[in-house]
Amino acid sequence: IDPCDNDIDGDGFPNACDIDQTAGADCDADGQDDSCQIDTDSDGTIDPCDDDIDGDGIPNGCDIDLTLGLDCDGNGEDDSCQDDTDGDGLIDPCDDDIDGDGIPNDCDFDLGGEDCDGNGIADHCDEDLNSDGIPDACQGPIFRRGDANGDGAMDIADGIIILGYLFGTSTIDCFDAADANDDGNLNIADAIATLSALFNGGPLPPTPGPNNCDLDPTDDFLGCGSYDGC
């Protein structure tokens, strides 16, 4: 009889949990009173109606505890829910080059920083031989002083090309390299200084000298269009 029947309508739900009997709440419309269902995070919303059943801030469909998928960065969120900018199968937090341009993230100008020479590489990753915080490419070519022809060594050919330039029979691409005495002028004295250093025990050209590649420490108007000797 009904007073002794724990499921009077025979629907499989005990009377105390049968929404037809309790007239309570049934958010998932399964016929069972919400008060009888599991609420894992105790937030007042039963699990079937809760987008975040464990209350960790990650939706159920992305929660690694529930999806059992991949979580390369260990943040609890399934990798399938995170950004993969370059579509290479590695989500951005685990990808050293998130935009796939061949430049590591920490050197990629597109991700922040300054890029004085416009090469796409942040200035702090560019070559800076004199460690002044300014990329060498933004200060002019590096060179060997005394190597007027830019072949990587100071020899008699450098004295000859300086003379040829002065007499209009040859060209020089890096005037700073040919300015062997570093006086800010390109003249016969540079040819003499070069030949004297080679054959007469004269002093080597000033910094950066013929044995080192570096920027011109002297402020002059000569400049260096190009130099291939470094």
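**Exercise 1.** Which two cysteines form a disulfide with C174 as one partner, and how far apart are their sulfur atoms?

*Solution.* The structure is a predicted model, in which local features need pLDDT of at least 70, side-chain atom pairs count only at pLDDT 80 or more, and totals for chains, interfaces and linings use all residues. Residues are numbered from 1 along each chain as its sequence is written, and side-chain values use heavy atoms, with hydrogens and water left out.

Step 1. A disulfide is a pair of cysteine sulfur atoms within 2.5 Å. The sulfur atoms of C174 and C224 are 2.0 Å apart, and the two form a disulfide.

Step 2. The angle about their S-S bond is -120 degrees, and the link is left-handed.

Step 3. C174 is in the loop between α3 and α4, while C224 is in the segment after α5 (188-199), 50 residues apart. Helices here are DSSP runs (H or I, at least four residues), numbered from the N terminus.

**Exercise 2.** Describe the aromatic pair.

*Solution.* Step 1. Rings of Phe, Tyr and Trp (its six-membered ring) pair if their centres lie within 6.5 Å; planes under 30 degrees apart count as stacked, over 60 as edge-to-face and the rest as tilted. A search of the whole structure finds one aromatic pair.

Step 1. The ring centres of Y165 and F175 are 5.5 Å apart and the planes stand at 55 degrees, so the pair is tilted.

Step 2. Y165 belongs to helix α3 and F175 to helix α4 (residues 175-178), so the pair ties together parts that are 10 residues apart in sequence.

Step 3. Y165 has a relative accessible area of 32% and is partly exposed. F175, at 24%, is partly exposed.

Note on methods:
Helices (H or I, at least four residues) and strands (E, at least two) are DSSP runs, numbered from the N terminus. Buried means under 20% relative accessible area, exposed over 50%, partly exposed in between (1.4 Å probe, protein chains only).
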